[in-house]
Amino acid sequence: MSRLNNLSNRFFQPSQLRENWTVTISDHVIDLAWSPDGRYIAAASVLGPVTIFEGGRRTVIHTFKGHEFGTMSIAWRPDSKVLASAGQDGKIRLWDMASGEATHSLDGGAAWVEHLSWSGGKKPILASAAGRKLKLWNAVGDLVREYSDHQSTISDLQWRPRVRQLASIAYGGVTLWDPQQSEAVRRLEWKGSSLVIAWSPDGKHIATGDQDSTVHFWIMSTGEDLQMTGYPTKVRELSWDATSRYLATGGSQEVTVWDCSGRGPAGTNPITLSRHQDFLSVVRFQHRGKLLASGGADGLIYVWQLRGRMSSLAVHEAALAAGVTSLVWSPNDQYLAVGDESGGVSVFSLS
């Protein structure tokens, strides 16, 4: 992977992100999620408890006990009335925001449940991954589908935007599922282990970050697989911009951004964004805007403006006392919620 130094970025001084509020929960923030209506921020501690904050200030709305042995994942139902959580007790719990109580405790099918994803639409479906087991649940916690075990542990899953089709990854590639069918509808095979998956917003590409320090692009119309190499470590950080043109990746101290327009990304040089002093832990584009945020093990946060390979630069920055573990944009793209290794939860605004 060839790279160009971004000279203009070296001499431009980013402005400080404005800190709206900060608070500390019980331990390392393992997951952070902003409710779709923008009212709440859910922060899951690695020890188990899940704290619900009012998004605009640090008022605690609820503290859910989470999961024995630890919480691993949280996901808001699209109507923001229910938060799903999964953990190392093998359970999935549905928490009602009105009552503050767990209304359902569901059996994930293995000793721990690591991944959750809600579909969109009027009748959302919750997908859960526990070891090799993939299950689908309706909005009120009824089991609607249990698939045969994957050949190895499911490492991530995600619904295709605007289409009721689910993608899961494990050793051997990507598998696509239709909730109406009991068998997989398509397999994109690759003899390796993928760690994280990201559909492009237009649904035309699937990107995976991989154990062998590569990124794969799967072109859905043809099934062609492009492999990008040169990362110094395995890639766990992926984010598409709203137009499906740019894919931001981690796997380094630098943010590497691939341009998928035209004939790209094959045979092209990526945009590289250099300011972090340690490996990245998260990259995240705005939902609809053009800004890209990154956080690293160095505790640094940058907001980048993409202007092509020679003039992209960091326009905002902030520094935490501990490494960044989670970072999410508010639904209106005006605020950043950040979690860190010491249990800190902070909300920043761009102005």
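What follows is a working chat about a predicted model of one protein.

Biologist: What share of the residues is buried?

Modeller: Buried residues make up 56% of the 351 residues. As for the surface, the protein exposes about 15,000 Å², of which carbon and sulfur atoms supply 46%.

Biologist: How many positive and negative side chains are there?

Modeller: There are 34 positive and 34 negative side chains, and the centres of these two sets lie 6 Å apart.

Biologist: Switching to contacts, what part of them comes from residues 24 or more positions apart?

Modeller: Among contacts with a separation of 6 or more, residues 24 or more positions apart account for 46%.

Biologist: Which residues have the most contacts inside the largest nonpolar core?

Modeller: That core has 17 residues, and those with the most contacts inside it are Leu17, Ile301, Val303, Leu336 and Phe348. The elements that give two or more residues to the core are strands E28 (291-296), E29 (300-305), E30 (313-319), E31 (324-329) and E32 (335-340). As general background, nonpolar side chains in soluble globular proteins tend to be buried together.

Biologist: Take Leu336 then, what does Leu336 touch?

Modeller: Leaving out residues up to four places away in sequence, Leu336 touches Leu17, Trp34, Ala293, Ile301, Val303, Leu327, Val328, Trp329, Ser346, Val347 and Phe348.

Biologist: Now over to strand E5, is Thr51 buried or exposed?

Modeller: Thr51, which sits in strand E5 (residues 50-54), counts as buried because its relative accessibility is 9%, under the 20% cut-off. Beyond residues up to four places away in sequence, Thr51 touches Ile25, Ile41, Ala42, Ala43, Val60, His62 and Thr63.

Biologist: And Gly56, where is that one?

Modeller: Gly56 is in the loop between E5 and E6, and it counts as exposed because its relative accessibility is 65%. The C-alpha atoms of Gly56 and Asn20 are separated by 8.2 Å, although the two residues are 36 residues apart along the chain.

Biologist: What about the loop between E6 and E7, is Gly70 buried or exposed there?

Modeller: Gly70 is in that loop and, at 0% relative accessibility, counts as buried. Its contacts, not counting residues up to four places away in sequence, are with Val46, Leu47, Gly48, Gly87 and Gln88. Gly70 and Ile30, 40 residues apart in sequence, have a C-alpha to C-alpha distance of 9.5 Å.

Biologist: What is the phi of Phe69?

Modeller: Phe69 has a positive phi of about 75°, although it is not a glycine. Most residues other than glycine have a negative phi. Phe69 is found in the loop between strand E6 (60-64) and E7, and it counts as exposed because its relative accessibility is 61%.

Biologist: And what is the phi of Ser244?

Modeller: Ser244 has a positive phi of about 70° and is not a glycine either. This residue lies in the loop between strand E23 (238-240) and strand E24 (246-249), and at 8% relative accessibility Ser244 counts as buried.

Biologist: Last one, why does Pro78 count as partly exposed?

Modeller: Pro78 counts as partly exposed because its relative accessibility is 34%, which falls between the 20% and 50% cut-offs. Pro78 lies in the loop between E7 and strand E8 (82-87), and it touches Pro36, Trp118, Ser119, Gly120 and Pro124, again without residues up to four places away in sequence. Pro78 and Ser119 are 41 residues apart in sequence and 8.0 Å apart in space, C-alpha to C-alpha.

Technical notes: Residues are numbered from 1 along each chain as its sequence is written. This is a predicted model: local features need pLDDT of at least 70, side-chain atom pairs count only at pLDDT 80 or more; totals for chains, interfaces and linings use all residues. Side-chain values use heavy atoms; hydrogens and water are left out. Buried means under 20% relative accessible area, exposed over 50%, partly exposed in between (1.4 Å probe, protein chains only). Contact means heavy atoms within 4.5 Å. Accessible areas come from the Shrake-Rupley method with a 1.4 Å probe; for residues, only the protein chains shown count as cover. Lys and Arg count as positive and Asp and Glu as negative; His and the chain ends are not counted. The place of a charge is taken as NZ of Lys, CZ of Arg, CG of Asp or CD of Glu. A nonpolar core is a set of buried Ala, Val, Leu, Ile, Met, Phe, Trp, Tyr and Cys residues joined through side-chain atoms within 4.5 Å. Helices (H or I, at least four residues) and strands (E, at least two) are DSSP runs, numbered from the N terminus.
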